[in-house]
Amino acid sequence: MVTNNMPDASPAVAVDECQSGWYWYRRGMRNLLSTPAIVLYFSYLGFGSFTYESGVSVYLSMFMTLTTWAIPSNVILIGGILSGSSLLAIFVAVALASVRMMPMVVSIIPEIRDEKTPTWKLVLLAHFTAITSWVFGMKELPSLPPHARVPFFGGFAVSLAVLSVGIVALGHGVAGAVPLEVAAALFLMTPLYFILTLPSAARLLSDKLALVFGFILGPLFALVLPEMGLVLTGLVGGLGAYAIGYYRRKRA
């Protein structure tokens, strides 16, 4: 008689299956002191200083941070209000600035959900999906068991946003003591981090081509059509990268 001595599952897998959602949520929170998160804190510290200089109250600054989870969109919103633009123009400008988040949400939701994930959790996590959490999720989630991905990503993304609200309040409070040059330098740390870390999260050919096209087309469109430079860069570069990647996959 032949016996099978192979175990049904490795001890590590068995332990992972027994862990609760709260365990994985805490695991995600452990990354709140990682390099990406710290860089984002410095950026929101600068944003708090910016809101102070713009005459926005600390409470409104905190509310904007949590409800419009994107520094560029909030800057456009404040700029539109200060310039006296119409409500419709401000709405369109903020909406166009936020469109760039849609491909991130579309790409990360399949990495998060499983068959039992409720829709309301996906909607909540979609709101808190920004570049920092997207890069983090695309790197960390594939190595986790499916049932752990929602609480793990929520522990990082949601806690990151809540903590950033406090950072904005701190930046608003110390704005008078921080030189304008220092605040500007802090504000620019986030795009610098994106430039350095996004290549590590690009796994497909289309992802890598999108980065290359963005670096090339961004400055060109900014010179030719500065008002629509970001939108055109995303449309032309993103669609071009997707088309080339799709063609290569079909041939393969």
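**Entry 1: the whole chain**

I began with burial: 37% of the protein's 252 residues count as buried, a label for under 20% relative accessible area, with exposed meaning over 50% and partly exposed in between (1.4 Å probe, protein chains only). This is a predicted model, in which local features need pLDDT of at least 70 and side-chain atom pairs count only at pLDDT 80 or more, while totals for chains, interfaces and linings use all residues. Residues are numbered from 1 along each chain as its sequence is written, and side-chain values use heavy atoms, with hydrogens and water left out.

Next I looked up the secondary structure and found 14 helices and zero strands. Here helices (H or I, at least four residues) and strands (E, at least two) are DSSP runs, numbered from the N terminus. I then turned to contacts, meaning heavy atoms within 4.5 Å. Among those between residues at least 6 apart in sequence, 77% join residues at least 24 apart.

**Entry 2: aromatic rings**

How many aromatic pairs does the structure hold? I find eight. Rings of Phe, Tyr and Trp (its six-membered ring) pair if their centres lie within 6.5 Å; planes under 30 degrees apart count as stacked, over 60 as edge-to-face and the rest as tilted. I picked out Tyr44 and Trp69, a stacked pair with 5.3 Å centre to centre and 5° between the planes. This pair links distant parts of the chain, 25 residues apart: Tyr44 sits in helix 3 (residues 35-53), and Trp69 in the loop between helix 4 (58-67) and helix 5 (71-83).

**Entry 3: Ser49**

I stayed in helix 3 for Ser49. Ser49 has a relative accessible area of 5%, so I log it as buried. Which residues does Ser49 contact, leaving aside its neighbours within four places in sequence? I list Gly171, His172, Ala175 and Ala183.

**Entry 4: helix 9 against helix 10**

I looked up how helix 9 (residues 131-140) packs on helix 10 (residues 146-173): the angle is about 165°, and the axes are 10 Å apart. Axes are lines fitted to C-alpha atoms, for helices over the stretch in contact, and angles run from 0 to 180 degrees between N-to-C directions. Helix 9 is therefore roughly antiparallel to helix 10, the label for angles over 145 degrees.

From helix 9, the contact uses Thr132, Ser133, Phe136, Gly137 and Glu140; helix 10 brings Phe152, Phe153, Phe156, Ala157 and Leu160. I sorted the residues of this contact into six nonpolar, three polar and one charged. Ala, Val, Leu, Ile, Met, Phe, Trp, Tyr, Cys and Pro count as nonpolar, Asp, Glu, Lys and Arg as charged, and the others, Gly among them, as polar.

Why is helix 9 largely enclosed by the rest of the structure? Eight of its ten residues are buried. The buried ones are Ile131, Thr132, Ser133, Trp134, Val135, Phe136, Gly137 and Met138.

**Entry 5: Gly245**

My last stop was Gly245, in helix 14 (residues 229-251). Gly245 counts as buried, at 3% relative accessibility. Not counting residues up to four places away in sequence, Gly245 touches Leu205 and Ser206. I also checked Lys208, 37 residues from Gly245 along the chain: the two C-alpha atoms are separated by 9.6 Å.

How values were computed:
Parallel < 35°, antiparallel > 145°, perpendicular 65-115°, else oblique.
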